[in-house]
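This briefing goes through one protein chain by topic. Please keep the sequence and the model in view while reading.

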Amino acid sequence: MPTGKKLSDLQSGSHGVAEKILARADRDIVFSIRILGESRNFLQEHFQNFIRLELDKRDVSFDDHPLLLPFIETHASELTEFVATGVGLQHQFSVREFEKLVGDPMKLFRVDLWDSLSSYIAVAERQFLSDMDGLHSILAAIAEERAVQQAKRGDAP
């Protein structure tokens with residue numbers, strides 16, 4: 001504890017800091033959207049199914065690549081986080097804006113939120129697809145290396 005400061009001084013100082021922050025609330029405090037619970041699970045499952053479908057289209061199977069499940073889960077999590085973060089950043093409201101919304105039935109907000117979700121999901125999917133050919137090349141190289149190693153050991157397929 002700083003010299004000459006009492007606990008009561010620090011406590012009143014915290015009240016002062018709180019007052020300073022609240023005095024700037026219109027400028028510095030925002031309310032943002034977070035996707036949680038079952039809705040986040042829906043989003044995660046969507047991306048898992050999306051990735052599986054795209055891998056199936058490219059003849060990438062679990063039989064050939066045993067680490068595919070962790071790959072799917074990891075990338076689905078990353079895409080989910082991208083969408084959730086993007087929507088959260090796009091939908092931030094200052095205290096003043098939030099106060100205006102309180103009396104609103106929020107039907108326009110729901111349309112806007114739906115549009116944002118849809119847009120971020122599409123962007124995440126396009127981003128994943130843009131890397132898909134690179135993944136196919138990597139998996140083909142791994143399969144080729146595996147065949148070379150098996151041939152060296154004498155247990156050719």
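The model is predicted. Its chain has 7 helices and 2 strands, and 25% of the 157 residues count as buried.

**Overall make-up**

- Read from the N terminus, the elements follow the order α-α-β-α-α-β-α-α-α.
- Among contacts in the chain with a separation of 6 or more, 78% come from residues 24 or more positions apart.

**Helix α3**

- Helix α3 spans residues 37-57, which makes 21 residues.
- From the first C-alpha of α3 to the last, the distance is 30 Å, close to the 30 Å expected at 1.5 Å a residue.
- Leu-43, Gln-44, Phe-47, Gln-48, Phe-50, Ile-51, Glu-54 and Leu-55 are the buried residues of α3.
- Viewed down the axis of α3, these buried residues fall within an arc of 160 degrees, so they line one face of the helix.
- Glu-38, Phe-42, Asp-56 and Lys-57 are exposed on the other side of α3.

**Nonpolar core**

- The largest nonpolar core has 20 residues, and those that touch the most other members are Phe-47, Ile-51, Leu-55, Phe-71, Val-83 and Phe-128.
- At least two residues of this core come from each of α3, α4 (68-90), α6 (107-130) and α7 (132-153).
- Helix α4 gives the most to this core, namely 7 residues.
- Three of these core residues, Phe-47, Ile-51 and Leu-55, are also in the list of buried residues of α3.
- Leaving aside residues up to four places away in sequence, Phe-71 touches Ile-51, Leu-55, Phe-128 and Leu-135.
- In soluble globular proteins, nonpolar side chains tend to be buried together.

**Salt bridges**

- The structure holds 4 salt bridges.
- Side chains of opposite charge can pair when their charged atoms come close.
- Lys-57 and Glu-54 meet through their side chains in a salt bridge, at 3.2 Å from N to O.
- Lys-57 and Glu-54 are 3 residues apart in helix α3, so about one helical turn separates them.
- Arg-58 is partly exposed, and its relative accessible area is 23%.
- Together, Glu-54, Lys-57 and Arg-58 are linked in a network of salt bridges.
- Another salt bridge joins Asp-28 and Arg-27, where the closest N and O atoms are 3.2 Å apart.
- Asp-28 is partly exposed, with a relative accessible area of 47%, and Arg-27 is exposed, with a value of 62%.

**Loop between α3 and α4**

- Asp-59 lies in the loop between α3 and α4, following helix α3.
- The phi of Asp-59 is positive, about 60 degrees, although Asp-59 is not a glycine.
- Asp-59 is exposed, at a relative accessible area of 68%.
- His-65 has its place in the loop between α3 and α4 and counts as buried at 12% relative accessibility.
- Not counting residues up to four places away in sequence, His-65 touches Val-60 and Leu-139.

**Loop between α4 and β2**

- His-91 is placed in the loop between α4 and β2 (92-94).
- The relative accessible area of His-91 is 3%, and His-91 is buried.
- The side chains of His-91 and Ser-116 are joined by a polar contact of 2.7 Å.

**Points to keep in view**

- Phe-71, one of the core residues that touch the most other members, has Ile-51 and Leu-55 among the residues it touches.

Terms used: Residues are numbered from 1 along each chain as its sequence is written. This is a predicted model: local features need pLDDT of at least 70, side-chain atom pairs count only at pLDDT 80 or more; totals for chains, interfaces and linings use all residues. Side-chain values use heavy atoms; hydrogens and water are left out. Helices (H or I, at least four residues) and strands (E, at least two) are DSSP runs, numbered from the N terminus. The expected span of a helix is 1.5 Å times one less than its number of residues. Buried means under 20% relative accessible area, exposed over 50%, partly exposed in between (1.4 Å probe, protein chains only). The arc is that of the directions from the helix axis to the C-beta atoms. A nonpolar core is a set of buried Ala, Val, Leu, Ile, Met, Phe, Trp, Tyr and Cys residues joined through side-chain atoms within 4.5 Å. Contact means heavy atoms within 4.5 Å. A polar contact is a pair of N or O atoms within 3.5 Å; within protein, one must be able to donate a hydrogen and the other to accept it, and residues adjacent in sequence count only if both atoms are side-chain atoms.
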